[in-house]
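Please work through the following exercises with the sequence and the model at hand. Each task is followed by a solution in steps.

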Amino acid sequence: MEKRKVATVLAPLEPHYVGDGFRVSNFIPGQVSMRRMNPFIMLDYNSKFYFPPSEKPRGVSVHPHRGFETVTIAYKGSVAHHDSSGGGGVIGEGDVQWMTAASGVLHKEYHEESFSKQGGDFHMVQLWTNLPAKDKMSSPRYQAISKDKMVHIPLPQGGEVEIIAGNFKNKTGPAITVTPINLFNVRLPKNTSTTLSFPAIYNTALLLIEGSVKINDQNIVQTDHFVLFENNSEEFIVEAIEDAVVLLMSGEPIEEPIASYGPFVMNTQAELIQAVHDFQDGKFGYLAE
Ligand code: MN
């Protein structure tokens with residue numbers, strides 16, 4: 001069978017700060033459009049970066065979201081979050097937070113206090129996954145997916161697939177998704193490989209968290225680079241040149257219009273204007289700075 005082709009391999013853009021705590025390179029929509037990678041509509045990548053100790057935790061202060069989900073994956077360091085419904089928690093090393101903002105939340109995201117005081121390497125991904133029109137105004141939901149809840153599938157040549165969401169070899173990951181989404185950490189020791197397969201129509205990409213890999217015995221990909229696949233076929237092969245950790249994302253596109261304005265992603269301009277009004281009218285609740 002024909003392999004799924006690599007469309008492009010992208011180097012990270014010059015990083016910028018979100019608040020003062022997230023030093024990110026944007027891949028989606030900066031280099032790949034929302035439509036092209038839908039249902040993955042935003043990807044900010046904080047490559048491994050040392051933050052010196054700070055008494056005042058760095059981060060991003062109170063802000064809203066509506067119409068989609070934020071998925072935060074912590075590889076190094078930890079993040080504390082608080083929201084307008086009184087919820088909160090810590091996303092520690094190896095953990096994932098899957099927040100369905102849906103009709104709207106206000107939240108703030110900061111380096112966790114003891115991490116902040118100590119300083120250290122911080123390595124994080126934030127993905128936004130879109131919601132279909134029928135679910136954009138449903139109630140918010142949090143899934144705190146700690147490391148111990150992940151599903152680990154050992155690979156025949158060594159290494160493993162850690163399923164955050166979706167399916168691999170008839171096992172299902174812990175995250176509940178609204179539309180079909182696969183999100184895996186693939187850990188491959190040097191000189192081992194694995195075949196991955198997703199329906200051709202699923203938009204599929206990977207981000208190289210650590211090490212370097214070769215795709216389909218052809219494209220060499222270095223640390224912190226992003227690989228966008230074509231939709232020509234299902235299967236592709238990932239081979240580790242050095243010990244590698246790969247974040248793999250593949251999802252069924254939501255075939256609806258996308259209208260976005262900052263932290264709001266809806267279907268129409270009118271819904272965006274409504275979101276801004278609702279935010280200004282305090283309908284997202286209240287959260288102290
Ligand atoms: Mn946020």
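**Exercise 1. Determine whether Phe-279 and Phe-284 are buried, partly exposed or exposed, and classify the geometry of their rings.**

Step 1. Phe-279 has a relative accessible area of 36% and is therefore partly exposed; buried stands for under 20% relative accessible area, exposed for over 50%, and partly exposed for values in between, with a 1.4 Å probe and protein chains only. The model is a predicted one, in which local features need pLDDT of at least 70 and side-chain atom pairs count only at pLDDT 80 or more, while totals for chains, interfaces and linings use all residues. Residues are numbered from 1 along each chain as its sequence is written, and side-chain values use heavy atoms, with hydrogens and water left out.

Step 2. Phe-284, at a relative accessible area of 5%, is buried.

Step 3. Rings of Phe, Tyr and Trp (its six-membered ring) pair if their centres lie within 6.5 Å; planes under 30 degrees apart count as stacked, over 60 as edge-to-face and the rest as tilted. By this rule the count comes to 13 aromatic pairs. The rings of Phe-27 and Phe-226 have planes at 15 degrees and centres 5.1 Å apart, so this pair is stacked. For Phe-279 and Phe-284 the values are 85 degrees between the planes and 5.9 Å centre to centre, an edge-to-face pair.

**Exercise 2. State which strands hold Phe-27 and Phe-226, and how many residues apart in sequence are the parts that the pair ties together.**

Step 1. Helices (H or I, at least four residues) and strands (E, at least two) are DSSP runs, numbered from the N terminus.

Step 2. Phe-27 belongs to strand β3 (residues 22-28) and Phe-226 to strand β22 (residues 226-229), so the pair links parts that are 199 residues apart in sequence. Both Phe-27 and Phe-226 are buried.

Step 3. One aromatic cluster is formed by Phe-22, Phe-49, Phe-51, Phe-115 and Phe-122.

**Exercise 3. Examine helix α3: find its span and the elements against which its buried residues pack.**

Step 1. Helix α3 (residues 269-280) has 12 residues and reaches 17 Å from its first C-alpha to its last, close to the 16 Å expected at 1.5 Å a residue. The expected span is 1.5 Å times one less than the number of residues.

Step 2. Leu-272, Ala-275 and Asp-278 are buried in α3. Viewed down the axis of α3, its buried residues fall within an arc of 125 degrees, so they line one face of the helix; the arc is that of the directions from the helix axis to the C-beta atoms.

Step 3. The buried residues of α3 pack against β25 (259-261) and β26 (264-266), where contact means heavy atoms within 4.5 Å. On the face turned away from the buried side, α3 carries the exposed residues Gln-269, Ala-270 and Gln-280.

Step 4. Gly-282, with a positive phi near 80 degrees, follows α3.

**Exercise 4. Identify the donors of the manganese ion and their spacing in sequence.**

Step 1. Donors are N, O and S atoms within 2.8 Å of the metal (3.2 Å for Na, K and Ca); water is not among the atoms, so sites may look incomplete.

Step 2. His-63 (NE2), His-65 (NE2), His-107 (NE2) and Glu-109 (OE) coordinate the manganese ion at 2.1 to 2.3 Å. The spacing of these donor residues is H-x1-H-x41-H-x1-E.

Step 3. His-65 lies in strand β5 (residues 59-65) and Glu-109 in strand β10 (residues 105-111), so the pair ties together parts that are 44 residues apart in sequence. His-65 and Glu-109 are both buried.
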